[in-house]
Amino acid sequence: MPEGKSHPGYTASGHAGSKAREFSESSSPFQHANTSTIRPLLGALAVKHGMIAQDTLNDLLSLQAQSSARLGDIMVSSGHLRLNELTRLLSEQAGVEYVDLYVDPADASLSNADDIDFYIEQECLPWRSINDETIYVAVDPKRARQSVEAREGRACIILFASPRALHHTLRERFYLELSEKARMMLALEQPESSAHYRLSNRQRWSLLGFGVCTTGLFWLAPTFVAITFNIFCGICFLSISLLRGASIFFGRHQSSVTDADDTSSLNEAELPLYSIIVPLFREAAVLPILTDALCKLDYPAAKLQILLAFEEIDIETYEAAKALRLPGHIEFIRVPQSMPLTKPKACNYVLPFIRGEYVVVYDAEDLPDPDQLKKAIVAFQNDDEELVCVQARLTYYNCFENWITRQFTLEYATLFDLILPMLEKFRLPIPLGGTSTHFRTDRLRQAGAWDPFNVTEDADLGMRIAMLGWRTGIIQSTTYEEANCQLGNWLRQRSRWIKGWMQTYLVRMRHPIALYKALGLRGFLGFQILMGGFPLASLIHPLFYVSICFTVLTLAGQQDEGSLKGIGYFILIAYFNGLVLVSGYSLSILAGMVAATTRGLRPLILSSLAMPAYWLLISAGAYLALFQLFSKPFHWEKTDHGLSRLWAAKRASALHDMSQQDREARHPPVTP
């Protein structure tokens, strides 16, 4: 039913504009409810107007007793009411007029762009000016009254408005300001943390000086410089492999304070409001799978705020979402077109409208464990306030589809089941995984949210969280994704990831001394190995093969002993490079085997032997990333989803579930 329409059994109390003029001479009915009057119960009003049956109301009241959610939210999330219908009932219950902002829009001249934060926080807006008196509309007039009247310096008339209509009005009225804030807030407030500025002046001069000195040394002592550079590259490559090897011992059996397997201690009635952000762009194909998974989350639907963020230019996905007839607690937000066209910009645009105490970001192809939100709650409640983010583990549901998906799954298993738990154990900075990242909403805002100009925004945010002295934890919950099964698609995604890590390294190394002081020696070294070492190791990896092949070919062309002495250094370097490759591969392959066993994917153990070939593909992505870092640093390489041969079956299953089960079946009552 459209937002502005009434239920067939409900008659609106009249045209809001005429009512405002009617009571303009005596505004007391709007200013305060008559406390001497006994207000009707919300459920009774719904039954009275034929919106629900009495038996249905009894079931909803039982659900309310278990979850302690508001009855109105339960009626909306279960599909029995639309938001505008609920607002009409609330207005009738309070004895305050309801304004349909789609029919009677707010006077744009009364609102000010400087007051956007106030309007969003209080969920209110100036609506009309009558007899030089400004009348406001609000989602909850009682809650907004004190702030509005303090702002106006007088008693005010405040009428009811639907939250969807009010938020839509705010976004339509201030779309330029909200879009610009989403783009530039971090760059303006924390320019040292924004990738919008690629290199600082100090970095430019430092790189120039380093290049001049290196060129001069190479001209004076080319052999010495080549050997030194080669040894440095070998150490970088080995550091990443040693990190993987160490994770076998320190990450595999990590039992951290953020383990949250036992959710039985949770009191369902005390669960907080939880917000979910899902940025979407050209995702019409996988949308049914995603929304079905969101509807199956084991969390009271009345305590969920799910925001689907659509790019303004992506009409296809938006229309596909509307066709699914999703529950009332799932809200659509259109993100105005602006550059850069990135996921973090969309998340920033949605963030001001988040009402939950906690917020999580999911990607379009995600299938989170149903109890993931509860595990995140347990992790936050069992720890101190310094734990501001928890990361769920990611893996792929199509891991056995082909060679690329098998290698991709092994890589993810090593990262999320071994390396990240080890980083957590030693309180080292954790690069977040891009999805299934759960935050304390207030701390996320304090940190500056996401950087729209960084194409791996969550890895960057993870570093910023660590620099603020806060922590990230890993929870024992899994989100399943669709692994890239096509080489071109995989290469675009990988180049974006590595480019984002390069961006993050350059941003944080603008002030290396400040970074060292914020992270300490251990954290600083961890940052260098992870954020700097991984992209560098990906770039230099093929050079070891080049060095070995060059030496072998040179040896094959030498005939006398004197010539062999002249290339002795190259022989030693070739042996060194071969040792680096063998040692690095051995440790990484062993880590992959252990990770496959830990994840329960034993058939993938032998696939880990093909890791050297997979690393060469990663190197190809790294060189593409390096090229794009200078040619188009903010370009977001879109990853196409719905390419797996398993996708069709999953989509059909999701559509079947959504069509065959009614809303109440998709939102089962909470068991206390």
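Val 546 is exposed in the predicted model, its relative accessible area being 52%, a value that counts as exposed because the cut-off is over 50%. This residue lies in helix H21, which comprises residues 512-557. The C-alpha atom of Val 546 is separated by 9.9 Å from that of Asn 577, a residue 31 positions away along the chain.

At the level of the whole chain, the protein contains 26 helices and twelve strands. Of its 672 residues, 56% are buried. Among contacts with a separation of 6 or more, 78% are accounted for by residues 24 or more positions apart.

The buried residues of H4 are Leu 57, Leu 60, Leu 63 and Ser 67. Viewed down the helix axis, these buried residues fall within an arc of 120 degrees and therefore line one face of H4. Just after H4, Ser 68 adopts a positive phi of about 60 degrees.

A further packing arrangement involves helices H19 and H20. Two packed helices are described by the angle between their axes and the distance between the axes. Helix H19 (residues 457-467) packs with helix H20 (residues 487-508) at an angle of about 30 degrees, and their axes are 9 Å apart. Because angles under 35 degrees count as roughly parallel, H19 is assigned as roughly parallel to H20. The crossing of H19 past H20 is right-handed. On the H19 side, the contact is made by Ala 459, Asp 460, Met 463, Arg 464 and Met 467. The H20 side of this contact is formed by Trp 501, Thr 504 and Arg 508.

Conventions. Residues are numbered from 1 along each chain as its sequence is written. This is a predicted model: local features need pLDDT of at least 70, side-chain atom pairs count only at pLDDT 80 or more; totals for chains, interfaces and linings use all residues. Side-chain values use heavy atoms; hydrogens and water are left out. Helices (H or I, at least four residues) and strands (E, at least two) are DSSP runs, numbered from the N terminus. Buried means under 20% relative accessible area, exposed over 50%, partly exposed in between (1.4 Å probe, protein chains only). The arc is that of the directions from the helix axis to the C-beta atoms. Axes are lines fitted to C-alpha atoms, for helices over the stretch in contact, and angles run from 0 to 180 degrees between N-to-C directions. Angles under 35 degrees count as roughly parallel, over 145 as roughly antiparallel, 65 to 115 as roughly perpendicular and the rest as oblique. A crossing is left-handed if the near helix is turned anticlockwise from the far one by less than a right angle, and right-handed if clockwise. Contact means heavy atoms within 4.5 Å.
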